[in-house]
Amino acid sequence: MKIDRQRALNAFQEYTAYYDKSDEKIKLKINHSYRVCGLCQQIAVQSGFDENEVELAWLMGLLHDIGRFEQLRRYGTFIDAQSIDHAELGADILFKEGKIRDYIEDDAENELLEKTMHIVCLRSIQHERKNLRICCAMRIKLIF
C-alpha cells in the first residue's frame with residue numbers, strides 16, 4: 001500500500017480547520033498528532049518494518065487521536081470517562097463516515113486500519129514513546 005503523505009497531511013489540515021485553532025487544547029492535539037506520526041515512523045524503521053508497515057505506522061500516528069477534536073468540541077474535555085471514548089469516535093469518523101478516503105485512496109487495508117485504530121487508541125497511555133511502541137507492537141500482532 002502506497003500512502004500519499006501530502007494527501008494525508010492536507011486532509012488532516014482540512015479536518016482540523018473546522019476546529020478553533022486559537023484553543024490551546026486544539027493546538028496541543030494538532031502538534032501532538034504531527035509528533036506522533038513522526039515518532040511512529042521512527043520506531044517502525046528502527047523495528048525493521050517493511051516500507052508498507054512504516055507507511056501504515058506513520059498514518060496511524062497521524063490519525064490516532066482524530067476523535068479528540070470532536071470530543072473536545074462536543075464535551076469540552078479530553079477525558080473519555082467524562083465524555084465519549086475518543087477511539088470509538090475516531091474510528092466512527094474515519095470508517096463509518098468514510099473520512100478515511102480523504103487520507104488514503106486504497107481501501108485494501110480498511111479492515112486492518114480500522115482494527116489498528118481501535119487497538120492503538122484503546123491501548124494508549126500517557127507517555128508518547130510507550131504509546132508508539134504499543135502502536136508498532138499491535139501492527140506486528142495483527143499481521144501474525
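How many salt bridges does the structure hold? The structure, a predicted model in which local features need pLDDT of at least 70, side-chain atom pairs count only at pLDDT 80 or more, and totals for chains, interfaces and linings use all residues, holds nine salt bridges, a salt bridge being a side-chain nitrogen of Lys or Arg within 4 Å of a carboxyl oxygen of Asp or Glu. Residues are numbered from 1 along each chain as its sequence is written, and side-chain values use heavy atoms, with hydrogens and water left out.

Two packed helices are described by the angle between their axes and the distance between the axes. The axes of helix H1 (residues 5-16) and helix H2 (residues 24-46) come within 11 Å and cross at roughly 160°, which makes H1 roughly antiparallel to H2 (the term applies to angles over 145 degrees). Here helices are DSSP runs of H or I with at least four residues, numbered from the N terminus, and axes are lines fitted to C-alpha atoms over the stretch in contact, with angles running from 0 to 180 degrees between N-to-C directions. Across this pair, Arg 5, Leu 9, Phe 12, Gln 13 and Thr 16 in H1 meet Ile 30, Ser 33, Tyr 34 and Gln 41 in H2, where contact means heavy atoms within 4.5 Å.

Arg 7 lies in helix H1 and Glu 105 in the loop between helix H6 (100-103) and helix H7 (110-122), so the pair ties together parts that are 98 residues apart in sequence. Arg 7 is partly exposed at 29% relative accessibility, whereas Glu 105 is exposed at 63%; buried means under 20% relative accessible area, exposed over 50%, and partly exposed in between, with a 1.4 Å probe and protein chains only.

Helix H4 (residues 66-75) is mostly covered, as seven of its ten residues are buried. Among them is Glu 70, with 10% relative accessibility, whose side chain meets that of Arg 73 in a salt bridge (2.3 Å, N to O), although Arg 73 is exposed at 54%.

A network of salt bridges links Lys 29, Asp 65, Arg 68 and Asp 80.

Key: Helices (H or I, at least four residues) and strands (E, at least two) are DSSP runs, numbered from the N terminus. Angles under 35 degrees count as roughly parallel, over 145 as roughly antiparallel, 65 to 115 as roughly perpendicular and the rest as oblique.
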